[in-house]
Structures are given as structure tokens and as C-alpha cells.
Amino acid sequence: KFMHALLTYIVLLLSLLMFVVKREHKICLLIIDILCFNGVGLPVLGNILSPFFCFFISEMFHFKQYYALIKNTNLKIPLIILFLGMIILVIHSPHIVGLKGLFYFFLSQFVRKYGVFFLVFIACLGLKNQKSIIYTTFGCLMVLTAFGFLNLITKHAIYIDWVLAGVDADSVFGNAGAEFTYSDRFRVQSMYANPFDYGYACLMLFLYYWYLLKEKLIKKNIFYVAAICSLFGVFACGCRTLLACLIIGILIFAIFGYNLKSKFKLALSGVFVLFAVALIMPENFNKQVDFLTSAFTDDQTVSGSSLSMRQTQTAAVMFYIQNDMAFGRGYDFFLEDLGWGGGRKTAVDSDLQGLEGIYLNFLLERGIVGLVLYALFWISLIWICFRIAKRTKDKTTLAFNYSVIACYLAFANMTGELSSVPITLSFIGLSSAWCSRGVSTKKITNHVAV
């Protein structure tokens, strides 16, 4: 109880500091909250006093800058797509009721998720260096790794016990520590209720520090330490999807960030490292390969998601939306109507446990229209990243952004979004702003314009 209270006070402090520190330090506070305090909420006014909402409110003091940039650049395209999708979803969602419902919906979908890119990008445009952010992410990675090793050695997720103190054990994540620690396949959670979130955060940090090394913002020894800690999290979380995402991220970064000769060398080195790490894992190499490939087969000897599970869930989703193909069944249909918001004890359809893939969730709740708008949102972000990198001639930033987006899309559509959106869009916004460092606001409109 004491540690749970301490964590809530720290989160409250992060929130309040948003109104008094410099903008670059606000990004540091946001990163700390994303990496180390995921799932820690306040008992009173938890949504209003959350670091995300306080960051959003504090940034509204710079509304003129936001208005000018969005009005005069292609930033308005993904923003319009985002708001159009949100408006359509509100109209077709019976569970969004009144101003309070609209507020929580806006907070959940914009402030804490897809709006993070715009907030971080514009807040970081005047960034002169990344030292404070580099120190913050490195410190967070060390803390994550420390708790990860403690979790691995003791087979006990002590931090999760602190976070979930007093939470109903039958709720979705109420028994998260015991479920993943003592299940048939042990997974390291570190500071996350879901070990997949831990692995994904480590994957993003690995790509970020590779990007920093390529940009010559850090020394090699810092990168080596960060890479070891990050890869530990990717492999220890026990998620096959993240192993595939790691390969995808390495290949995308190599293709867009290096010349042709270096690409072959880097690809061979990457394959060697992956196989070497697989060989020193607790199980032998053949079992590791079977473990990875079972996600794409019907092998029932390996627990977790599989092709047959995805086929079953797709059939179930199509059954529920057969009369609402265009717009789906509305926001929170999965949690409220199908009962998964209360965990297994209230669930209506066991076939949809976990709901593998964001595309299935969007089909279920937002229909074909919502899924198309979701795709257009990410396509527009990819285009913006390309335009910024082309105008600034920064292929390293382009390689980083594309690898991050590719990893997110693979992860979200194979496992589900979980907590991947904030950290993904934070790093894309940060790197895109850093790419435009030292450029006046008037010139930035040319960088982002078609």
C-alpha cells in the first residue's frame, strides 16, 4: 500500500511539473510517465491530473504556434483524418454519453494516443539538443532493466504488485503479476502489467539509440549498454511478434539509413546477432525457431496466439458486424457489450479473448470506414516523415521513423496496440522535430508542405 501511494504521488508530481518546466523538459516528464509509470493512476481526478492531460493543457498556452503550423502545413491532413474518424465513432457509439463521455473519449483517443505526435512534434521544434531526453531515456532504460532482471531472478513481478495494489484480481489486469509470472510460459514484465508492453518499449529504445548513434549524438559505449538492455527486454518478454518486429525494424533501418554496401554488411550482422542471442536463450535453437514460427501456424503445442486463433476471431468479428459493416458496433463494444472490461468472469464470447490485432478491433467497433481512416492516418504520417526528411536531407531520421512505424504496424496488427501508441508517436514526433532543428517556423511550413 505504501509503495502504491508513493507511485501515485510521483505521477502527480510529474503532472504538476508540466506547468513550470521548459518544453523540452516536459517531453522528459512525458517519457518518464510512458516508460516507468505505465498503468499508475491517481485515486482522485486521475484523468484530469494525468501527465498526458497536463501536458496537453500546458501546450495550449502555445495555441497560436499550433494553429499556424497546422493551418499552413500538411500536419492538418492526419489531424483532419483523425478527427473525422473520432466524430464518426462518437455518432455511432451508444456508450459515449454526455459531456463527460465525450471528455473521456477525447482524452483516451487524442490526448493519450494519436494526438501525441502533434503535441510532441510542435513542442520539440525549438529543441537545440537532445541531452536531457537522452539522459532521461537512458535512466528509464536502466530502471526498466533492473526491475526486469529482478523479475527474472525472483520470478516475481514486485513492481506490478505495487501498481495493482487493491485492484480486483478478476479484472482484466488485476491478476497480471501472477498470471504472467506463474503461467506455463514465464514472461518478464519489469514495470508493465503486460510483458508485451515491456518488450515493445525496449524495441523502441533500441531503435532510438541506434538512431542517436547514427546521428553521432551518443558514444558507442552508451549505445552498446543501451542495446544490451533493450534486447534483453525484447527477448525476455516472451513475445514472438516482437522478435519478428525486431527483424523488421533492423531491416527497414538498414535499407533507408545506409548505403548499399553497408546494407549487406549490416543485414548479415543483424542475422548473426539474432541467431547468437537465440542460441543462448534457455531453450535450444530449434525450439526458439518453432516458438517464433508457431505464430503463423496451427501448432497447438506452443501456447499463445496462432493462425487458427486469428481465423476464429476474424469469423467472430464478422458475425458481430454483419449488420453494421460500414461503421461497426461502436466504441467500447468489446469491453462493455462483450463484457471484457470486467475480465473473464463477465466475458460473453471466449473466442475473442485478447482480440488479436488492431484491425479486428477497428472492424468490430468502427467498421470498414474506421479501418480505412486508420490506414489513411498512418499513410499521411509516413508521407509527412518523407517530406520532412527529403527537404532536410536527413535519411537517418527517415530510416528511424520508417522502422518505428513498421514495427508498430506489425506489433499492433499481430498482437494489438496495448500501450504502443504513445511511445511510438512520441519518438516519431521527437525525431521529426529534431530533423527540423534550427529552422524557423516559416521555413518549417515548406518542410512539411507537399
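These legends describe close-up views of a predicted model. Residues are numbered from 1 along each chain as its sequence is written. Local features need pLDDT of at least 70, and side-chain atom pairs count only at pLDDT 80 or more, while totals for chains, interfaces and linings use all residues; side-chain values use heavy atoms, leaving out hydrogens and water.

**View 1. A nonpolar patch on the surface includes Met325.** The patch is formed by Met318, Met325, Ile368, Val372, Leu376 and Ile379. Together they have about 480 Å² of accessible area. Accessible areas come from the Shrake-Rupley method with a 1.4 Å probe, and for residues only the protein chains shown count as cover. Patch residues have over 30% relative accessible area and no salt bridge; nonpolar side chains (Val, Leu, Ile, Met, Phe, Trp, Tyr) are joined within 5 Å, like charges within 9 Å. A salt bridge is a side-chain nitrogen of Lys or Arg within 4 Å of a carboxyl oxygen of Asp or Glu. Helix α18 (residues 358-392) gives the largest share, 4 residues. Helices are DSSP runs (H or I, at least four residues), as are strands (E, at least two), numbered from the N terminus. Met325 sits in the loop between α16 (307-320) and α17 (333-337). Its relative accessible area is 31%, so Met325 is partly exposed. Buried means under 20%, exposed over 50%, and partly exposed in between (1.4 Å probe, protein chains only).

**View 2. Phe63 and Tyr67 form one of the aromatic pairs.** The whole structure holds 37 such pairs. The ring centres of Phe63 and Tyr67 lie 6.3 Å apart with planes at 25°, so the pair is stacked. Rings of Phe, Tyr and Trp (its six-membered ring) pair if their centres lie within 6.5 Å; planes under 30 degrees apart are stacked, over 60 edge-to-face, and the rest tilted. Phe63 and Tyr67 are 4 residues apart in helix α4 (residues 63-72), so about one helical turn separates them. Phe63 is partly exposed at 47% relative accessibility. Tyr67 is partly exposed too, at 48%.

**View 3. Tyr208 stacks with Phe427.** The centres are 4.7 Å apart, with 25° between the planes. This pair links distant parts of the chain, 219 residues apart. Tyr208 belongs to helix α11 (residues 195-214), and Phe427 to helix α20 (residues 420-435). Both residues are buried.

**View 4. Ring pairs build a cluster.** Its members are Phe53, Phe56, Phe83, Phe103, Tyr104, Phe106 and Phe110.

**View 5. Charged residues lie over ring faces.** Lys214 lies over Tyr258, 4.8 Å from the ring centre. Arg366 lies over Phe362, at 4.2 Å. The test asks for NZ of Lys or CZ of Arg within 6 Å of the ring centre and within 35 degrees of the ring normal.

**View 6. Ser58 is buried in helix α3.** The helix covers residues 51-59. The relative accessible area of Ser58 is 4%. Beyond neighbours within four places in sequence, Ser58 contacts Met18, Phe19 and Lys26 (heavy atoms within 4.5 Å).

**View 7. Lys216 and Leu418 have positive phi.** Most residues other than glycine have a negative phi. Phi of Lys216 is about 60°. Lys216 lies in the loop between α11 and α12 (220-236). At 76% relative accessibility, Lys216 is exposed. Phi of Leu418 is near 50°. Leu418 lies in the loop between α19 (395-414) and α20. Leu418 is partly exposed, at 38%.
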